[in-house]
Amino acid sequence: MVVELLSWRLLFPHPRRIRFAIISFQGYCPCLSLSWCCSERKTAMSRKLKDVLRGVLTPTELQCLVQSYDVVGDIAIIIIPPELIEKEHFIAAAILSLHKNIKVVAKRDGIYGGEFRTLPLRIIGGEQRKETVHTEDGVRLMLNPETVYFSVRSGTERKRIASLVQAKEEVLVLFSGIGPYPLIIGRANPSCRVVGIEKNPEAHRYALKNLGSNRRITNVRLYQGDVDSVLPALDRKFDRIVMPLPTSAEVFLSVALAALRRQGWLHFYDLQQEGRFEDTVAKIEAACRRDVLQLLSAEIAVCGHCGPRTYRICVDAQIGRISDPPHLKEGQENFKDNQKDNIPLDPQ
Ligand SMILES: C[S@@+](CC[C@H](N)C(=O)[O-])C[C@H]1O[C@@H](n2cnc3c(N)ncnc32)[C@H](O)[C@@H]1O
C-alpha cells in the first residue's frame with residue numbers, strides 16, 4: 001500500500017499540494033464481494049461467536065462463518081454465506097446470547113442498491129423490528145437500516161471531517177441521509193451553520209427526528225429533495241461542501257462548485273481502484289476547468305476498503321478562481337463572507 005501511494009505521488013507531480021492519509025483500513029470478504037470491518041474488537045467478538053457455535057456447526061461450516069458483523073443500535077447485521085443458511089437461526093441465537101445489548105439479528109439479503117443506496121435485510125433472530133437508535137459521538141440517530149442508507153463504518157471519517165471545520169463556517173452536506181454528517185459536524189462546531197440535503201423522503205424523515213431528539217444541536221437545517229434542484233434554489237454559498245455519494249457524486253460536481261465560496265473546501269467521495277486515485281482528483285480538476293475555477297490543493301484520505309484493490313476515498317480539495325494564488329492556508333480567506341446572513345428559508 002505504501003509503495004502504491006508513493007508511486008502514485010511520483011506519477012502525478014502537479015505543483016499543487018497533494019497528500020495522502022489513510023483514515024481507516026478495512027478487511028474484505030472475498031466470498032460475497034462486500035467489505036467487512038476487521039477491528040481487533042470485532043475479531044475478538046467473532047472468535048467468541050465461533051466458540052459458541054462449535055458443536056452446532058461442523059468444522060467446515062465454521063470456516064465459512066463470516067468473521068464479523070456490524071452493530072447498528074441494537075441490531076446486529078451479519079452476512080450469512082449460502083452454505084450456512086440452514087443454520088442461520090443458530091448463528092442469530094449465538095449472537096443474542098453473547099451480547100445482551102443486541103435485540104435483533106438481521107442478515108444482509110442483497111447488496112446496497114438503487115438511488116437511495118438501501119440494503120435489503122431479513123430478520124433471523126430476536127425481536128421482529130428493524131427500527132433502532134444508534135449513538136455516534138454523542139449524537140442519537142434513529143433509523144431503519146433497511147429503508148435508509150447508514151454505515152457505522154464511516155464514523156471515523158465523519159469525525160475527521162467534523163475536525164476540519166473551522167469556527168463560523170457555513171457547511172453544506174449533500175446526500176445527508178438520516179443526518180449523521182450534519183449532526184456530528186453541528187455538534188462539534190456550535191458556531192457553524194450546517195445544511196443537509198437528502199432525496200430519500202424516509203431518510204429525511206429520520207433526519208428531522210434526529211435533529212429534534214438531539215436538542216442541543218441548533219445549528220443544522222435539513223432540506224428534502226434532489227440536490228440538482230434544491231441546491232440552486234437555496235441561492236446560497238458555503239465555505240465547505242461534503243459530498244458523501246461515492247457511487248455518483250461526480251454528476252453533482254458542477255452544482256456543488258457553483259455553491260462553494262472562493263477558496264472553499266470540497267470533500268469529494270469516490271470509489272477508486274488502487275493505483276488510480278489520481279483519476280478522482282482529475283474529475284474534480286476537469287469540473288473546475290469547465291466552471292473556470294482552479295484546484296488549489298488536494299489531499300486524499302483513504303477511508304474504506306470496498307472490494308479487491310478498490311477503496312472508498314475522499315479528496316479534500318480547496319477550490320479557487322483562476323486568479324487565486326495556490327497553497328493558501330486553510331482559513332485565510334474562507335470566512336470573509338460569513339457576516340452575510342442567509343436568506344431565511346423554510347428548511348424542513
Ligand atoms: C451513501 S448515502 C450517504 C448518506 C449519509 N451521508 C450517511 O453518511 O449516512 C448517499 C445518500 O444520497 C442520497 N441521494 C442519492 N441521490 C440523491 C440526490 N440526487 N439528491 C439528494 N440525495 C440523494 C441517497 O438517498 C442516500 O441517502
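Student: Among contacts in the chain between residues at least 6 apart in sequence, what percentage join residues at least 24 apart?

Tutor: This is a predicted model, in which local features need pLDDT of at least 70, side-chain atom pairs count only at pLDDT 80 or more, and totals for chains, interfaces and linings use all residues. Residues are numbered from 1 along each chain as its sequence is written. Two residues are in contact if their C-beta atoms, placed from the backbone, lie within 7 Å. Among contacts between residues at least 6 apart in sequence, the share that joins residues at least 24 apart is 66%.

Student: How many helices and strands are in the chain, and what percentage of its residues count as buried?

Tutor: Helices (H or I, at least four residues) and strands (E, at least two) are DSSP runs numbered from the N terminus, and the chain has 10 helices and 16 strands. A residue is buried if 20 or more other C-beta atoms lie within 10 Å of its own, exposed if 12 or fewer, and partly exposed in between, with C-beta atoms placed from the backbone. Of the 348 residues of the chain, the buried share is 38%.

Student: Which strands pair with strand 14, and in which sense, parallel or antiparallel?

Tutor: Two strands pair if DSSP finds at least two bridges between them. Strand 13 (residues 238-243) is joined to strand 14 by 5 bridges in the parallel sense, and the chain gets from strand 13 to strand 14 through helix 9 (residues 253-258) in a right-handed β-α-β crossover, that is, with the strands pointing away from the viewer, the path from the first strand over the helix to the second runs clockwise. In strand 14, Phe268 is the bridge partner of Met243, while Asp270 stands opposite Ile313 in strand 16.

Student: Which residue takes a positive phi in the hairpin of strand 4 and strand 5?

Tutor: Strand 4 (residues 70-72) and strand 5 (residues 75-78) run antiparallel and are joined by 3 bridges, with Asp70 partnered by Ile77. The hairpin has 2 residues between the strands, and the residue with a positive phi near 60° is Gly73.

Student: Through which helix does the chain cross from strand 5 to strand 6?

Tutor: Strand 5 and strand 6 (residues 104-108) pair in the parallel sense over 4 bridges, and the bridge partner of Ala76 in strand 6 is Val105. The β-α-β crossover from strand 5 to strand 6 is right-handed, and the helix it passes through is helix 4 (residues 88-98).

Student: Which residues come nearest to the ligand?

Tutor: A residue is near a molecule or strand if its C-beta atom, placed from the backbone, lies within 6 Å of it. The shell draws at least three residues from each of domain 1 (2-27 + 150-321) and domain 2 (34-136), the bounds coming from an automatic or database domain assignment. Helix 6 (180-188), strand 11 (193-198) and helix 8 (227-234) each supply at least two residues of this shell. Of the 21 residues around the ligand, the nearest are Phe116, Phe175, Gly177, Lys199 and Asn200.

Student: How many residues of helix 6 are buried?

Tutor: The buried residues of helix 6 include Pro180, Tyr181, Leu183 and Ile185. Helix 6 is mostly covered, the number of its buried residues being 7 of 9.

Student: Is Arg309 exposed or buried?

Tutor: Most residues other than glycine have a negative phi. Arg309, in the loop between strand 15 (293-307) and strand 16, has a positive phi of about 55° although it is not a glycine. Because 12 other C-beta atoms lie within 10 Å, Arg309 is exposed.

Student: Which residues does Arg193 touch, not counting residues up to four places away in sequence?

Tutor: Arg193 lies in strand 11 and counts as partly exposed, with 19 C-beta neighbours inside 10 Å. Its C-alpha atom is separated by 9.5 Å from that of Phe238, 45 residues apart along the chain. Not counting residues up to four places away, the residues that Arg193 touches are Glu170 and Asn219.
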